[in-house]
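Let's walk through this structure together, one feature at a time.

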Amino acid sequence: MAKRDYYEILGVTKGAGNDEIKKAYRKLAVKYHPDKNPGNREAEEKFREATEAYEILKDSEKRAKYDQFGHAAFEGAAGGGFSGFGGGFGGFDLSDALRAFMNDFGGDSLFGDLFGFGGTGRRGRRRSGGMRGNDLQVRLKLSLKEICNGVKKKIKVRHKSVCDECSGTGSRTGKKVDCIQCGGSGRIRHVQNSLFGQIVQETACPACHGQGTVVKEPCSKCGGSGRKTGETTVVVDVPPGVAEGNYISVPGKGDAGLYGGPPGDLIVLITEEKDDFFERHGIDVFCTVEISFAEAALGTAKTIPAIEGKVSLKIPAGTQSEKIFRLRGKGLPVLNGHQRGDQLVKIHVNTPEKLNREQRELFEKLSTLEKKPKNVFERAKEIFQ
């Protein structure tokens, strides 16, 4: 079977830079790594294929040969191909792919967390400045008018803040000692057997949360966590033109970090209140206006609601029911832009269900006149006027 193009495998163009190629490979490696897809032969092949492509394209000399000669540049011994992985192109198998992956990303923190070979543990003691706090999410309901103009909203948020007794350290005296469970490394090692030999996996120590140390004398107020639960008010600046599902991130307004770590963020998720008159369609707003049979025949001018105040709508004589008029620039603004949508007004001619005597006489006369060749609208004017 013909081999696939390396650029196609990674999903990049021939002009892609090294950072783009590396990013594309990282994404595929996370998705298809054998440890995440045990026993899945198709995933193993995709992982091998992606690694093979990356090994060629990351190297400027090999990439130049590939661009000039294609796969033929690495077929057989003449290709020189994957030195250390079985000679030329044809000898690159899954075990070679795994070794290449470890050589390139064995110390990478992203892959270390996913597959357990990160750059901590026995290589050195983990001494971070504390754990980052959790992000918090709240929903903010807005009216169409608020969405149109933008608004500042005050939101009460219940979160974990820094303990004022220990200033977030969690310790009454400020002293810390090495964690007994992980020996001060902050990581716990797990060894398991797989189809490819032993896999060593490292995870954050549950006793010290990956810090490597624990407080010697916990703070009596926060129990050693360095945090307390409370409520605060956050002002959120909402720009004009937001929509359902958009979110605003407010940095540092989430939970305080553990052991003096940085705080998380507050994620404000936008929801829209249902409006009694308008429906939203992107940046346009849609509404329905009812007029009488006579108004449709004779024409009229109506003052109707708009997003901002009111607007006059001229309805010409002879307007049919369900006709739509467009009021330009009376809709919603584009988020972070200058364009503005329109207000669409659908006319609904209200046919009376019950007629009084006078109305019946008028409509009967109109019905008689409609059978004559004179323009019906001229006849309607004569009758209703």
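What follows is a tour of the helices, aromatic rings, sheets and cysteines.

A word on the ground rules comes first. This is a predicted model, in which local features need pLDDT of at least 70 and side-chain atom pairs count only at pLDDT 80 or more, while totals for chains, interfaces and linings use all residues. Residues are numbered from 1 along each chain as its sequence is written, and side-chain values use heavy atoms, with hydrogens and water left out.

Helices (H or I, at least four residues) and strands (E, at least two) are DSSP runs, numbered from the N terminus.

Next, the aromatic rings. A pair of rings is described by the distance of the centres and the angle of the planes. Rings of Phe, Tyr and Trp (its six-membered ring) pair if their centres lie within 6.5 Å; planes under 30 degrees apart count as stacked, over 60 as edge-to-face and the rest as tilted. The whole structure holds four such pairs. In one of them, the ring centres of Tyr-6 and Tyr-66 are 4.6 Å apart with planes at 35 degrees, so the pair is tilted. Because Tyr-6 lies in helix 1 (residues 6-10) and Tyr-66 in helix 4 (residues 60-69), the pair ties together parts that are 60 residues apart in sequence. Tyr-6 is buried at a relative accessible area of 1%, and Tyr-66 is buried at 6%. Tyr-25 and Tyr-54 have ring centres 4.5 Å apart and planes at 5 degrees, so this pair is stacked. Tyr-25 belongs to helix 2 and Tyr-54 to helix 3 (residues 41-57), so parts 29 residues apart in sequence are tied together.

Now look at the sheets, where two strands pair if DSSP finds at least two bridges between them. Strands 8 and 9 (residues 266-272) run antiparallel and are joined by four bridges, and Val-250 stands opposite Leu-266 in strand 9.

Another open sheet has four strands in the order 10-11-15-14, also with mixed pairing. Its edges are strand 10 (279-281) and strand 14 (324-327). Eight bridges join strand 11 (residues 284-292) to strand 15 (residues 343-350), and these two run parallel. Glu-290 has His-348 in strand 15 as its bridge partner.

Finally, how many disulfides does the structure hold? There are zero, where a disulfide is a pair of cysteine sulfur atoms within 2.5 Å. Cys-179 is in none, with the nearest cysteine sulfur, that of Cys-182, 3.7 Å away. Cys-179 is buried at 4% relative accessibility. The sulfur of Cys-219 is 3.8 Å from its closest cysteine sulfur, in Cys-222, which is too far for a bond. Cys-219 is buried, with a relative accessible area of 3%.

Conventions: Buried < 20%, exposed > 50% of the residue type's maximum accessible area, 1.4 Å probe, protein only.
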